[in-house]
Amino acid sequence: MEVIAPWMNEELTLFREVAERFVNERMVPQDARWRREHCVGHEIWREAGEIGLLCTDIPAEYGGGGGDFRHESIVHEALNRRGLVGFATGVHSICAQYVNRHGTSEQKQRWLPRLARGELVGAIAMTEPGTGSDLQAIRTTARRDGQHYVINGAKTFITNGSLAGLLALVVKTDPTQRASGMSIIMVETADLPGYRVGAVLDKMGMQAQDTSLLFFEDMRVPVDCLLGGEEGKGFQQLMSDLPYERALIAVCGVAAMEGAIDETLRYVKERNAFGKPVFEFQNTKFELAEVATITRIARVFVNDCIQRVVDGSLDSSTAAMAKWWVTDMQQQVIDRCLQLHGGYGYMNETLVCRMFADARVQRIYGGTNEIMKELISRTL
């Protein structure tokens with residue numbers, strides 16, 4: 001039985017219908033091709049922008065939907081219930097929020113309307129080949145040269161890497177410092193000398209996602225692209241937006257769990273073994289009862305986090321709890337759903353199989369789950 005969120009209302013219900021219809025009619029039929037091509041292409045981004053599914057929580061004065069985190073959650077739930085992880089609107093939304101929260105008025109006017117229309121696809125370039133969780137150890141540099149920054153370095157595991165028209169690029173404007181030497185420079189990538197996209201990376205899951213290497217070789221970017229206009233604020237800007245990002249990961253996790261259970265229920269009621277539906281076996285019923293209970297608990301927790309993002313009261317510790325626990329449960333629940341599919345659960349044509357492979361990275365990005373527990377322990 002579906003849990004009706006306490007924050008739902010008539011307007012949000014109608015918005016959910018629009019999101020789910022777009023996902024089912026325009027995206028699901030293309031997913032197999034996207035997975036073969038390891039990219040969703042630009043057209044679907046523009047289509048989503050046209051009907052108001054991008055940047056839903058960005059103010060209308062900057063071209064956004066004028067909604068809040070509930071609207072973002074509805075879009076992400078519609079996508080993840082159907083395993084559509086190639087359309088990485090989460091990273092796009094976070095990129096837009098960096099501009100919205102930390103950008104100058106001119107920067108907001110310059111980039112947010114185009115992000116909302118899908119004319120620019122947003123990406124965040126933090127991780128480097130030699131750094132992971134230790135973000136302060138990045139080595140990509142931005143040296144001031146007159147009215148430009150000259151940027152050199154490389155980034156890896158960049159979601160939306162080949163499609164990105166706007167990068168939130170984390171750099172060292174002062175390489176002698178750690179956190180205080182970090183800045184975010186917004187980079188418009190079109191026809192930019194010194195900017196190069198490497199190969200789309202070969203991953204365990206998320207086959208439709210164009211996760212890429214990026215290279216910067218004496219790349220010149222105007223100084224007015226420094227986010228907020230002040231050097232050394234990058235680490236602070238990144239940290240302030242982490243509760244939003246981690247809540248979004250939890251939203252995607254619980255939606256995938258719900259989608260996997262729905263798909264498994266359909267399968268076990270249709271599939272026969274020993275003369276009766278698989279659903280009729282006690283083990284099947286007990287397994288489904290357990291994963292349904294875990295998922296209900298996760299949904300109630302995530303619904304509370306969504307409301308707290310809207311209220312501005314979601315603290316870093318609670319966001320970290322949601323991120324690690326929901327993504328751990330996501331992996332466990334989908335694994336058990338896969339088992340109930342038997343051999344078909346191991347076939348990539350099966351939604352639950354793809355969901356299982358896609359889920360694994362949820363425990364790594366956005367801060368590994370081990371880092372989440374470390375952060376939580378500091379508040380105890």
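Which residues does Asn303 touch, not counting residues up to four places away in sequence? I looked this up before anything else. Asn303 touches Val3, Ala5, Pro6 and Trp7. The model is a predicted one, and I read every entry below with that in mind. Asn303 has its place in helix α9, residues 282-311. I noted a relative accessible area of 4% for Asn303, so this residue is buried.

**Entry: helix α1 and its partners**

I took the pair α1 and α4 next. Helix α1 covers residues 10-27 and helix α4 covers residues 69-81; they pack at an angle of about 30 degrees with their axes 9 Å apart. The crossing is right-handed. On the α1 side I listed Glu11, Leu12, Phe15, Arg16, Ala19, Glu20, Val23 and Met27. On the α4 side the contact is made by Arg70, His71, Ile74, Val75, Ala78, Leu79 and Arg81. By class I have nine nonpolar residues, one polar and five charged in this contact.

I then looked up α1 against α3. Their axes come within 12 Å and cross at roughly 150 degrees. Angles over 145 degrees count as roughly antiparallel, and α1 and α3 are therefore roughly antiparallel to each other. This crossing is right-handed. Phe22, Arg26 and Met27 of α1 meet Ile44, Glu47 and Ala48 of α3. The contact of α1 with α3 has four nonpolar residues, no polar ones and two charged.

I noted that Met27 is on the list for α4 and on the list for α3.

**Entry: helices α5 and α8**

How do the axes of α5 and α8 cross, and within what distance do they come? Helix α5 is residues 89-102 and helix α8 is residues 242-270; the axes come within 11 Å and cross at roughly 160 degrees. The two helices are therefore roughly antiparallel. I recorded the crossing of α5 and α8 as right-handed. From α5 the contact takes Gly90, Ser93, Ile94, Gln97, Tyr98 and Arg101. From α8 it takes Tyr244, Glu245 and Leu248. I have four nonpolar, three polar and two charged residues for this contact.

**Entry: nonpolar core**

I looked up the largest nonpolar core, which has 110 residues. The residues with the most contacts inside it are Met27, Phe87, Ile151, Leu167, Ile185, Met186 and Met219. Helix α8 gives the largest share of this core, 12 residues.

I picked Ile185 from that list and looked up its contacts, leaving aside neighbours within four places in sequence. Ile185 is in contact with Ala142, Tyr149, Ile151, Leu167, Ala168, Leu169, Val171, Val221, Cys225 and Leu226.

**Entry: positive phi**

Most residues other than glycine have a negative phi. I wrote down two residues with a positive value. Phi of His38 is near 55 degrees, and His38 is in the loop between α2 (31-37) and α3 (43-50). His38 counts as partly exposed, at 32% relative accessibility. Phi of Cys55 is near 50 degrees, and Cys55 is in the loop between α3 and α4. Cys55 is buried, with a relative accessible area of 2%.

**Entry: helix α11**

How many of the nine residues of α11 are buried? I found eight of the nine in this helix, residues 351-359, so α11 is largely enclosed by the rest of the structure. The buried ones are Leu351, Val352, Cys353, Arg354, Met355, Ala357, Asp358 and Ala359.

**Entry: two distances**

Gln339 lies in helix α10. I noted Gln339 as exposed, at 62% relative accessibility. The C-alpha atoms of Gln339 and Cys353 are separated by 9.7 Å, and the two residues are 14 apart along the chain. Cys353 is one of the buried residues of α11.

Glu374 is in helix α12, residues 369-377. Is Glu374 buried, partly exposed or exposed? I have Glu374 as partly exposed, with a relative accessible area of 39%. Between the C-alpha atoms of Glu374 and Thr131 I noted 18 Å, for residues 243 apart along the chain.

Note on methods: Residues are numbered from 1 along each chain as its sequence is written. This is a predicted model: local features need pLDDT of at least 70, side-chain atom pairs count only at pLDDT 80 or more; totals for chains, interfaces and linings use all residues. Side-chain values use heavy atoms; hydrogens and water are left out. Axes are lines fitted to C-alpha atoms, for helices over the stretch in contact, and angles run from 0 to 180 degrees between N-to-C directions. Helices (H or I, at least four residues) and strands (E, at least two) are DSSP runs, numbered from the N terminus. Angles under 35 degrees count as roughly parallel, over 145 as roughly antiparallel, 65 to 115 as roughly perpendicular and the rest as oblique. A crossing is left-handed if the near helix is turned anticlockwise from the far one by less than a right angle, and right-handed if clockwise. Contact means heavy atoms within 4.5 Å. Ala, Val, Leu, Ile, Met, Phe, Trp, Tyr, Cys and Pro count as nonpolar, Asp, Glu, Lys and Arg as charged, and the others, Gly among them, as polar. A nonpolar core is a set of buried Ala, Val, Leu, Ile, Met, Phe, Trp, Tyr and Cys residues joined through side-chain atoms within 4.5 Å. Buried means under 20% relative accessible area, exposed over 50%, partly exposed in between (1.4 Å probe, protein chains only).
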